Amino acid sequence: MTDPERIRNFCIVAHIDHGKSTLADRILEITGAVSARKMKKQFLDQMDLERERGITIKAQTVRLTYQSEGDERYVLNLIDTPGHVDFSYEVSRSIAACEGALLVVDATQGVEAQTLANVYMAIENDLEIIPVLNKIDLPGADPDKVAQEIEKIIGLDTSGAILASAKEGIGIRETLEAIVHRIPAPTGDSEAPLRALIFDSWFDSYQGAVVLVKIVEGNLRPGMWIRMMSTNQVYQVERTGIFSPDPMYIEQLSAGEVGFVTASIKTIHDTRIGDTITERDHPAAQALPGFRPVKPVVFCGIYPVDPAQYDHLKSAIERLWLNDPAFSYNIESSAALGFGFRCGFLGLLHMEIVKERLEREYNLSLISTAPSVSYQITLTTGKLIQIHNPAQMPTSEKIGQIAEPYIQVEIYVPKRYIGPVMKLCDEKRGIQTDMYYLTESRVVLRYEFPFNEIVLDFYDRLKSVTRGYASIDYEFLGYRSANLVKLDILINKQPVDALSIIVHRDKAYYRGRELVGRLHKIIPRQMFEVIIQASIGNNVIARERIPPLRKDVTAKCYGGDITRKRKLLEKQKEGKKRMKQIGHVNIPQEAFLDILKV
Amino acid sequence: MAGLYIHIPFCKTKCPYCDFVSGPFPVEIQKRYVGALLREIETTSQEAEASCFDTLYIGGGTPTVLPVEWLVSILEKTFDLFSWSDIHPEVTIEANPGSVTERGLRELRAAGVNRISLGVQSLSPGGLKVLGRSHSVSDSLSAYRYAREVGFPLVSLDLIYGLPGQDVEGWHKDLEGAISLGPDHISCYELTVEGDTPLKRAVLRGEVVLPDEETVLEMTDLTEDLLARNGYRQYEISNFAIPGRECRHNINYWENGAYLGLGCSAVSFLPPYRERNIRDIFGYIESVRDTGRAIEEQEVLDTEARFRESVTLALRLIRGISLPEFSEKWRYDPIIYYGDTLKVLLARGLLALEDQHLFLTREGRRLANVVLSELV
């Protein structure tokens, strides 16, 4: 058992690309947790996907031993947090497990929206915050200006800010000293009944759920019977341990410590992030505050390209869900795509990650339909229904009222991009509620949006109109009624349910034309004429024609060409196989998602 | 049936649309190449798989850019060392009108060549210019005359249509011109914009505009109709001949018969093995010098894959597939084997079934890749 006085639990708060992972790498190196030779760049981001995208999806934690300049040994627990707005609840729980945070800000860029959201979270949780101005080695670095920004925006004293370049190894030792001297030690009582905060968990096929916990009070050891306070599920602890960074079993975890616990838990649905673990026989009176179940907000259909792969998809989704219960899934069927799943996600990035993991880790070829939000419909009978899929929308005469979810978005943007950003927001039906200058050159725009408008491509468009200089954060406001209609796409007179979308009536005409135009480009010529139409109810609002293919022949094929020509034919055949046949028309997979990015 | 193919990778100039292994090379390299070729003839002729051949085809490139004596020595060695099913096998040489002389053709004829395929390509000066050909229309006319004068019994003309700037009328004139010469055989190829060629780049840059699809379809229809009216029977997608004067060597390819290919990049098919020689001229020369052979790549297809490949090749032939012959040879009945896929193609009128033969319809020939990609 480590003396709590010698424990420091901290996390790193930073915007994407501001150097969080590199700083973590340097800290690991200097404390000897990972030898430089073994060091892969971005050690903490373990999933391939995380490393490729340069972001953290799952929380990681690592215990480090640090010999301070006063020659005292400290145990440092670095809790790495997910870095995307989709995962802000997970971030809040990781932050709740810490007593301090490093606020890493790129000295060439300044404070960004997500940094702010997370820093406020850290402040709410009473964390000691140490500003670290990173990338000071770069020519564009202006640490004074950025420090002022931090003081002005966040109200943090930056006199103790550390100037660092994680890439060049500058300021790392100072950062470690600040951690031990400025961040308080955890205060929990080891003798009190157990209260352990779950801040992440994942599924391991040998051990079941591996649960990351911070012991707030009491202690946790193998053999102990524990209870999950939100679900009342009871388990017997098998093992307790820490990551340093490889997993190491230890005899017990006690107050102030961070580590993992396994208890033959079959699904991590039972190890909810934010929940409190207590001892069955000596339970704590109250759970730790802040727990709430996560709720998906973005929905899309996921279907196998080859309908025969449905069972394979089903087992892949079930297995992936063991590892990521934040997404939801329900069987659905589409006339166009056959059997698949309507899945719910925390956000768009989460959706892309799940889809990519399914394809990559389970070798599936998938079609995903356009993301949609969930709508509340009051039927003329007075009944209230919730739909996650445009195909479920009742016919217009049955609808009394439709309500769509609204969100509040804060956009942080350099002054010179205000014009284009406001134009984009208008286009997306945004209602401006506030605008103020953070500094002379940076502005915060606050808007209320129908969430639906943000789901498709808002973030990409925002990045492109601001050359990547804008950042956003959002929160839900609730449902508001709106004049929405269902736009159907017909291919050779057959409605394709998977291509239906729900749009605002004022935009239906434009979207219909746009959609038909894109399909016209994306659907290859077939052996027969293809007519693409967009309609609302029985009114056709747009139409395009793809003329039949009349010529596709290889002029020359002699002895030396046979293999090559055969391979070309095989490729043509494969290409056709990857398309989805609807009626007799072959439609490329990307049609179902990409064309909707207007 | 088995064919022997010899590749000569040299040309006077490289044409902008060509993606074959060929081009201009110094005579010194040509000499070393011919040396290697003679060596490869020796080594392969001693191997068991080199059985008895029915046809010989010297292609390229432009074989006739080589000094005629070298070609004659290649021919002599080939006739000497391999066995032949007939004392007068079909022996074809490809020639470019700009690279033949009456003397040269006379010597080739005397050495046993009985079929000449002239790369006329176009009979209009504008056509030759956009194709970047180094010969003139009158070169083509003289070459044809020489070939007849020295007594070639089989003369074939190669033509290309769908040229940038060409209209249906222009192609009509080319075809009429070719027919008026009275060749035994005419090959008409639609211009294909291949991989990485100057033509492709020019098209991508928009400097060159090809005729639209409608026009090319009209040209194709015209080709088939006009040649048929003049006694040339179409026997393959791009090949037409006075009945009985088809190219037997090429028919063997479409029947997926055996062949031995010599020279760089040449392909051999000695079932079930298909082998390709080293593409690079220098690599080929070196390999033959060291080992007598130059095989770089081998492909082995199982029976079913060979059956499927044979179907896609045989359907290029106008007569198509003889169902009884295929069923007997492969032990797969195509009708049963392809089941519904075939039914759909028949129902759409792309394939037809008559007298136990399965063949592409006229519409099917225009969309051959669509049909064949279903069957491959």
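Visitor: Why is Arg274(B) called buried?

Guide: Its relative accessible area is 4%. Buried means under 20%, exposed over 50% and partly exposed in between, with a 1.4 Å probe and protein chains only, so Arg274(B) at 4% counts as buried. The model is a predicted one, in which local features need pLDDT of at least 70 and side-chain atom pairs count only at pLDDT 80 or more, while totals for chains, interfaces and linings use all residues. Residues are numbered from 1 along each chain as its sequence is written, chains are lettered from A and ligands numbered from 1 in the order in which they are written, and side-chain values use heavy atoms, with hydrogens and water left out.

Visitor: Where do Glu149(B) and Arg145(B) lie?

Guide: Both belong to helix H5 (residues 137-149) of chain B, four residues apart, about one turn of the helix. Glu149(B), at 46% relative accessibility, is partly exposed, and so is Arg145(B) at 45%.

Visitor: How many salt bridges does the rule find across the interface of chain A and chain B?

Guide: It finds six. Lys576(A) and Glu374(B) form a salt bridge, at 2.2 Å from N to O. On the side of chain A that touches chain B, the residues divide into nine nonpolar, five polar and twelve charged. Here Ala, Val, Leu, Ile, Met, Phe, Trp, Tyr, Cys and Pro count as nonpolar, Asp, Glu, Lys and Arg as charged, and the others, Gly among them, as polar.

Visitor: How many residues of each chain are in contact?

Guide: Contact, meaning heavy atoms within 4.5 Å, involves 26 residues of chain A and 38 residues of chain B.

Visitor: What makes the pair of Phe10(B) and Tyr33(B) an aromatic pair, and which kind is it?

Guide: Rings of Phe, Tyr and Trp (its six-membered ring) pair if their centres lie within 6.5 Å; planes under 30 degrees apart count as stacked, over 60 as edge-to-face and the rest as tilted. Over all chains, this rule gives 33 aromatic pairs. For Phe10(B) and Tyr33(B), the centres are 5.3 Å apart and the planes stand at 85°, which makes the pair edge-to-face. Phe10(B) is buried, at 0% relative accessible area, and Tyr33(B) is also buried, at 0%.

Visitor: Is the pair of Tyr259(B) and Phe269(B) stacked, tilted or edge-to-face?

Guide: The pair is tilted, with 6.1 Å from centre to centre and 50° between the planes. Tyr259(B) is in strand S11 (residues 258-262) and Phe269(B) in strand S12 (residues 267-270), so parts of chain B ten residues apart in sequence are tied together. Both residues, Tyr259(B) and Phe269(B), are buried.

Methods:
Salt bridge = Lys/Arg side-chain N within 4 Å of Asp/Glu carboxyl O. Helix = DSSP H or I, 4+ residues; strand = E, 2+ residues; numbered from the N terminus.
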